[in-house]
Amino acid sequence: MTQSVDRRDGTPDAGDTIEIGIAVDIPEPWGGMLTRRRVEAGDPRVVPAHVTLLGPTEIPVATLPAVERHLGAVAAAHLPFTLHLRGTGTFRPVTQVVFVAVAAGISECELLAAAISAAPELHRETRFPYHPHVTVAQDVAPEALDRAYEDLADFSAMFEVEAFTLFSHSGQTRWQPRRDFRLGG
């Protein structure tokens, strides 16, 4: 069994595999507001607002150093960019999700997601094509989905994305940030 001590709080991971995810955090004041909105909708997932670049992926702990090297190279090869979140969208009826839409920065997110998943350790089959967004309600009552969709229809936020974050999940705790990767080196 290999242990890694790369987590920000210095605690090691136990076990042979680790679940990771990679995302762009939504900064304050919008991040907290969108996270609260998701909780208010009744979504049991207490997940800070983010744009996913790589969804939950289980990897061997032993591959984590190679994954982090890959993420460093991806970050160095991509420049910071402006992300504009505006309005709402939904994946209904296919999935019960309401989200805040990415209005600008779509191609930058798509390029980052593709480069990240190009590593053999991170390649995984997906059910749907990649679509950058910020989930604000998922798998809740239809009325809560409708309310989130309507309440955030006029939402708008614009900010610079200068990094993405590697998160991990042990199954016993919430998603924890492990490391930020600054764009452009």
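Hi everyone! Let's start with a definition: Ala, Val, Leu, Ile, Met, Phe, Trp, Tyr, Cys and Pro count as nonpolar, Asp, Glu, Lys and Arg as charged, and the others, Gly among them, as polar. This is a predicted model, where local features need pLDDT of at least 70 and side-chain atom pairs count only at pLDDT 80 or more, while totals for chains, interfaces and linings use all residues. Residues are numbered from 1 along each chain as its sequence is written, and side-chain values use heavy atoms, without hydrogens and water.

Now, the largest pocket. A pocket here is an open set of points on a 1 Å grid over the protein atoms alone, where a 1.4 Å probe fits, with protein on both sides within 12 Å along at least five of seven lines; lining residues have an atom within 4 Å of a point. Its lining has 40 residues, and Thr52, Gly55, Pro56, Arg124 and His133 lie nearest the centre. By type, the lining divides into 20 nonpolar, 13 polar and seven charged residues. Strand β2 gives the largest share, seven residues. Strands (E, at least two residues) and helices (H or I, at least four) are DSSP runs, numbered from the N terminus.

On to helix α4, residues 142-151. Which of its residues are buried, meaning under 20% relative accessible area with a 1.4 Å probe and protein chains only? They are Ala144, Leu145 and Ala148. These buried residues line one face of α4, because they fall within an arc of 100 degrees seen down the axis, taking directions from the helix axis to the C-beta atoms. On the other side, Glu143 and Glu150 are exposed, that is, over 50%. Thanks, everyone!
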